[in-house]
Amino acid sequence: MANFDESAILKRVFSYILLIALAVVILAPFFIGIWASFLPTMDIAKGDLFSTNVSFNNYVSAFTKTPILRYLANTVVIATVTMFAQLIFCSMSAYAFVFLKFKYQKTIFSLFLITMMLPFEAEIIPNFATIKSMGLLDNYAALIIPFLTSAFGTFMLRQSFMQTPAELKEASDIEGLNHFQFYWHIVLPYNKISMITLGAYSFLGAWNQYLWPMLTTFSNNSRVIQNGLKQLQSEETFNDWGMIQASAAIIVIPTIIVLFVGQHYFKSGMNEGAVK
Amino acid sequence: MLKTSTTDVVPEKKVQAKQRQGFKLNAKDKYYASIFLGPSLLILGLFVFYPMIKTLYISMFLTNTLGNTTVFVGLGNYVKLISAPDFISSMMVTILYVVAVTILTIALGLLLANLASQKLPGISIFRTLYSVTMGVSVSVAAIFWLFIFNPSTGFFALMSGWFNLPVVNWLTSPANAMWAVIITTVWMNLGFTFLILLGAIESVPRTLYEAADVEGVSSRYQFFHITIPMISPTLFFVSTITIIGAFKSFGLIDLITKGGPTNATNMLVYRIYKDAFYSGNYAKSSTEAIILTVIIAFFTLLQFKFLEKKVNY
C-alpha cells in the first residue's frame with residue numbers, strides 16, 4: 001500500500017512538472033515580449049535582457065509618438081459595428097430559414113452553405129474593384145460592408161433557433177404576435193447564449209482581419225490595429241524594439257482579459273458549434 | 001441542414017411534419033422572408049457570389065495591366081500555371097507548411113488537452129494558461145516571435161550565446177524561415193485546438209477509464225485505445241479547421257518573411273496577393289484564387305460530412 005502511494009505521489013509530481021514546463025514554453029513569447037517592453041531599446045540592442053533600467057517609457061512613447069490610439073479607436077468602431085450588424089442580419093436570415101416557409105427555401109439555404117466554402121482571400125480582386133467603384137477606399141465602410149452578414153453566423157444561429165420549443169411559437173400565435181414580434185421578443189432572448197457566442201466570434205473576426213484592410217486602407221484615418229503594428233514596425237528607421245513590444249502588449253492585454261472573462265461562453269459555444 | 005435533408009428522402013413524412021406544425025406556403029411568409037433574408041442575400045450576392053463568378057471569368061482570359069480581360073483562353077491559364085516551376089514550388093511550400101502545421105498543432109494540442117484533463121488541484125489555472133494564445137492576433141504574434149527570432153538581439157540568439165552554440169539564421173535561410181513561420185502558426189493555433197480537444201476528452205464517459213483501471217491497463221494504452229478513438233470525430237473536425245486555416249495563411253507570412261527568402265515561404269494566398277497587387281497579373285492571380293477555392297471547398301465539404309454525422313447520431 002505504501003508503495004502504491006509513493007508511486008502515485010511521484011506520478012503527481014511528474015504531472016505538475018510537465019504542466020508547468022509546458023505553460024512556461026507557451027507563455028515564454030509573452031513574458032519575453034512584455035519584459036522587453038519595459039526595457040530601454042539601447043539595452044535590448046546590446047542584448048542586455050537582464051537590464052535593471054525598467055520603466056514605462058516605451059508605453060508613454062507608444063501612446064504619444066505613434067497613432068496607436070487612433071488605430072485602436074478605428075478597430076473598435078469597425079469591430080463593434082460589424083458585430084451588431086452580423087447579430088442582426090444573421091439572426092434575421094436564420095429566423096427566415098427556421099420559422100418561415102417560402103418558395104426556393106432549400107435552394108437559398110444551399111446558397112448559404114456554398115458561401116461557407118468560398119474563401120474571401122480568393123475574391124479580393126473583384127471586391128477591391130467593387131469597393132473602389134463605390135468610392136469607399138480608405139473608409140471605415142470598406143471594412144464593414146462586405147462583412148455585414150455571414151453565412152457561418154446564419155448557419156450557427158439556425159442550428160440554435162431550431163431548438164426553440166414549438167410551444168413558444170404556438171403560444172405566440174395564440175397571443176397574435178406577428179413574425180417581427182416573435183423574432184424580437186421571443187426568439188432572440190431565448191437564444192441569448194448563441195447570440196453572445198456569435199457576437200464574440202464576429203468581433204474577434206473583425207479585430208483580426210489583416211489582408212482586406214491592408215488592401216483597402218492606407219491612411220491613419222482608417223487604418224486598423226493589425227496593419228498599424230506593421231506600419232509602426234516598418235516606419236522605424238532602426239527597430240525601436242522596446243516601443244514595438246510595448247505596442248504589442250497594449251493590444252494583446254485587453255483581448256486576453258476579454259477572453260478570460262468570456263471563456264465560459266466561448267467554450268460552450270465552440271463545443272456547441274462542433275457538436276451540432 | 002441535415003434534419004431537413006433527411007426528410008427530403010421521405011416526402012410523405014415531410015408533408016405530415018408540415019401539417020403538424022401548421023406551416024403553409026402563404027403570401028405573408030413570402031413578404032416576411034424577403035424582409036428577413038433580403039439584406040443578407042444582397043451582401044452575400046455582392047461580396048461573395050459575384051466576385052467568385054467574376055474571378056472564375058477572369059481566370060479564363062488574358063488581362064491587361066488595368067485588369068481588363070482581353071483574349072479568351074479557356075483553361076489556358078490553368079495549363080500554364082500548373083506547368084510553371086515557380087507555381088509548383090509554391091504549391092509544394094504551401095503543402096509542406098499545411099502538413100507540418102496540422103500535425104504539430106494536433107499533436108501538441110492533444111498533449112496539452114490530455115495533461116489538463118487530469119483531476120488535479122489547481123488544474124483550471126493550467127487550462128486558462130494553455131488557452132491564452134486564442135487572444136493573440138497575427139500582428140502581435142509576429143512581433144513577439146520576430147523579437148525571439150532576431151539574429152542579433154533575439155532571444156534565440158542570446159540563448160545560443162549563453163550555451164556557446166552557433167547562431168541560427170532564422171529568417172535569412174530558406175529552410176529555417178519556413179520553420180519560423182510554422183512555429184509561430186502552431187503557437188497561435190494551440191489555444192483554440194487545446195480548448196476544443198479538452199472539451200472532447202472531458203466528454204468521454206469516465207466509466208470507460210474506470211473499467212480500464214480495474215483491468216490494470218496502463219495510462220498510455222488507455223490514451224491510445226480509449227481517448228483517441230472516442231474523440232476521433234473531434235480530431236477530424238479540428239484537423240479540417242486547421243488545414244483550411246493554414247491554406248489561407250497570409251498575415252504571418254506578410255509580417256515575418258514576406259514570402260522570402262528566395263520564395264521559400266511564398267504560399268498560395270501570398271502569391272494571389274502579389275500577382276494581383278504587385279505584378280498586375282490579374283489573370284494569373286485569379287487562376288490561383290480558383291485553385292485555392294477548390295482546395296478550401298473540398299475540405300469544407302469534408303467538414304460538412306462530419307457535421308452531418310454528428311447531427312444524425
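This is a predicted model: local features need pLDDT of at least 70, side-chain atom pairs count only at pLDDT 80 or more; totals for chains, interfaces and linings use all residues.

Trainee: How many helices and strands does chain A have?

Mentor: Chain A has 14 helices and 0 strands. The overall form follows from this point: the radius of gyration of chain A is 25 Å, well over the 19 Å that the globule rule gives for 276 residues, so chain A is more spread out than a compact globule. Along the principal axes, its C-alpha atoms fill a box of roughly 75 × 75 × 35 Å.

Trainee: Into which domains is chain A divided?

Mentor: Chain A is divided into domain 1, residues 2-57, and domain 2, residues 67-235. The C-alpha centres of these two domains of chain A lie 39 Å apart.

Trainee: Which residues does Leu292(B) touch?

Mentor: Leaving aside residues up to four places away in sequence, Leu292(B) touches Pro119(A), Glu121(A) and Ala122(A) in chain A, and Phe247(B), Leu268(B), Val269(B) and Ile272(B) in chain B.

Trainee: How does one read the contact between the two chains, and how many residues take part?

Mentor: One counts the residues on each side: 74 residues of chain A are in contact with 78 residues of chain B. Helix H14 of chain A, residues 241-275, gives the most to the side of chain A that touches chain B, with 16 residues. By class, that side of chain A has 49 nonpolar, 17 polar and 8 charged residues.

Trainee: Finally, which residues of helix H5 of chain A are buried?

Mentor: An α-helix has 3.6 residues a turn, so residues three or four places apart point the same way. In helix H5 of chain A, residues 105-115, the buried residues are Phe109(A), Phe112(A) and Thr115(A). Seen down the axis of H5(A), they fall within an arc of 110 degrees, so they line one face of the helix. Their cover includes helix H4 (68-99) and helix H8 (151-161) of chain A, together with helix H3 (27-58) of chain B.

Conventions
Residues are numbered from 1 along each chain as its sequence is written. Chains are lettered from A and ligands numbered from 1 in the order in which they are written. Two residues are in contact if their C-beta atoms, placed from the backbone, lie within 7 Å. Helices (H or I, at least four residues) and strands (E, at least two) are DSSP runs, numbered from the N terminus. Ala, Val, Leu, Ile, Met, Phe, Trp, Tyr, Cys and Pro count as nonpolar, Asp, Glu, Lys and Arg as charged, and the others, Gly among them, as polar. Domain bounds come from an automatic or database domain assignment. A residue is buried if 20 or more other C-beta atoms lie within 10 Å of its own, exposed if 12 or fewer, and partly exposed in between; C-beta atoms are placed from the backbone. The arc is that of the directions from the helix axis to the C-beta atoms. The radius of gyration is taken over C-alpha atoms; the globule rule is 2.2 Å times the number of residues to the power 0.38.
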